[in-house]
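Reader: I would like to learn how to read salt bridges and nonpolar cores in a model, with the cut-offs stated as we go.

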Amino acid sequence: MQRTCQMHQRQQSGLATSTSGAARAVLPPTRATGRRAAAPRLNASPAAQRPRTVVSFQNEAAATLPAPAGMLSAEPRVSAKTKATTLSWAGAGIFFFWQLGAMKYLAERYDLTNTPMAGASGGALAAVLACCGVPADTVLQRAYDLSVKYGIWERPLGFVGIWGKLIEEWLDDLLPADAAERCRGKITIVVTTLPNMAQVGHSDFVDKQDLINCAMASAHIPMLLDLKFARHCRGKYCVDGSFPDFFYNDNSELLKAGGSAIIFDYFMDTKLVRKGRMDMLSLKQYEEVKHIMQLGYEYAQRLHHDGHFDHFEVGEMVFEQLEEHARRQASAALVPVPPAPLVGPVAATRSD
């Protein structure tokens with residue numbers, strides 16, 4: 001009888017330990033410092049790559065609910081078995097400039113103007129600019145010029161209330177007149193419609209203004225951009241396209257593109273140091289912005305070296321063409337070019 005009681009106590013003790021361990025495992029350690037859990041490293045164990053099963057709200061102590069089955073994926077974000085056919089840009093806030101650095105690296109090697117892309121929030125801006133072939137350095141310089149124009153570093157509230165006006169002017173200046181034609185059918189801009197909080201993708205754009213309006217709706221963080229809660233877009237009031245992702249700690253199915261997307265999400269970069277959950281909305285000094293952009297460039301470089309773009313058929317073809325073009329230029333520089341023969345009236349005059 002005594003032995004039976006001891007065994008029962010051990011079982012209860014083991015169950016309590018197991019339950020405690022399970023509870024600890026459910027809450028990702030990075031929850032307090034970011035919108036979504038950090039993605040597993042490339043060499044992480046299979047157990048470390050299991051999908052999260054908890055929705056974490058801004059006040060983590062308030063509620064934790066099971067995530068809908070549709071929001072979970074048993075596959076890593078970039079599957080070695082699936083051909084990557086889409087570049088996706090997640091919500092980013094000020095870390096848009098991290099995405100801009102990644103965009104710069106990719107544009108140096110791939111034809112992003114012919115690569116299918118999707119974007120939400122700041123990522124929608126990255127997709128539009130990349131598809132229109134706007135150089136990353138030009139994007140950065142124009143952002144700096146407008147920041148100086150509006151004096152965001154001198155304002156007590158920084159860019160609060162004027163960020164939207166600044167971004168809209170910035171897009172209108174950077175995008176070509178035929179931006180809608182360039183982006184139509186090639187990119188998907190994700191917005192969150194109200195009141196049902198549905199994530200909707202737009203890929204057919206009427207004109208440049210319609211394209212900008214969709215991008216601005218996708219990037220509309222309530223109250224922060226223009227002191228308004230929502231932006232009107234195509235007959236509906238919309239908020240940030242990554243708004244539900246903020247709560248579910250996962251990117252939307254529109255960004256995942258059926259598992260065929262390479263998602264540029266700053267949470268996946270272990271070299272990017274952030275200062276808490278809301279750091280994405282904090283104003284950065286210009287030197288900080290340039291550093292963030294360089295980290296994005298280096299992140300894309302690491303992905304490339306690790307073979308994540310090996311199945312990017314359009315990109316690899318363009319990359320090979322660029323290499324061949326560079327070889328031809330180098331060869332031509334070594335061969336002296338003979339002077340062209342004189343022809344026409346000039347030749348006739350000299351012969352006389």
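Reader: With which residue does arginine 184 form a salt bridge, and how far apart are the closest N and O atoms?

Author: This is a predicted model in which local features need pLDDT of at least 70 and side-chain atom pairs count only at pLDDT 80 or more, while totals for chains, interfaces and linings use all residues. Residues are numbered from 1 along each chain as its sequence is written, and side-chain values use heavy atoms, with hydrogens and water left out. A salt bridge is a side-chain nitrogen of Lys or Arg within 4 Å of a carboxyl oxygen of Asp or Glu. Here arginine 184 pairs with aspartate 204, the closest N and O atoms being 3.4 Å apart.

Reader: How many salt bridges does this rule give, and which residue is the partner of arginine 142?

Author: The count comes to 13 salt bridges. Arginine 142 is bridged to aspartate 173, with 2.7 Å between the closest N and O atoms. Because arginine 142 lies in helix α4 (residues 136-150) and aspartate 173 in helix α5 (residues 163-174), the pair ties together parts that are 31 residues apart in sequence; helices here are DSSP runs (H or I, at least four residues), numbered from the N terminus.

Reader: Which residues touch the most other members of the largest nonpolar core?

Author: In soluble globular proteins, nonpolar side chains tend to be buried together. A nonpolar core is a set of buried Ala, Val, Leu, Ile, Met, Phe, Trp, Tyr and Cys residues joined through side-chain atoms within 4.5 Å, where buried means under 20% relative accessible area (1.4 Å probe, protein chains only). Of the 78 residues in the largest core, those touching the most other members are Trp89, Leu129, Trp170, Leu171, Leu175, Ile189 and Phe264. Helix α10 (residues 286-305) supplies the largest share of this core, nine residues.

Definitions and conventions:
Buried means under 20% relative accessible area, exposed over 50%, partly exposed in between (1.4 Å probe, protein chains only). Helices (H or I, at least four residues) and strands (E, at least two) are DSSP runs, numbered from the N terminus.
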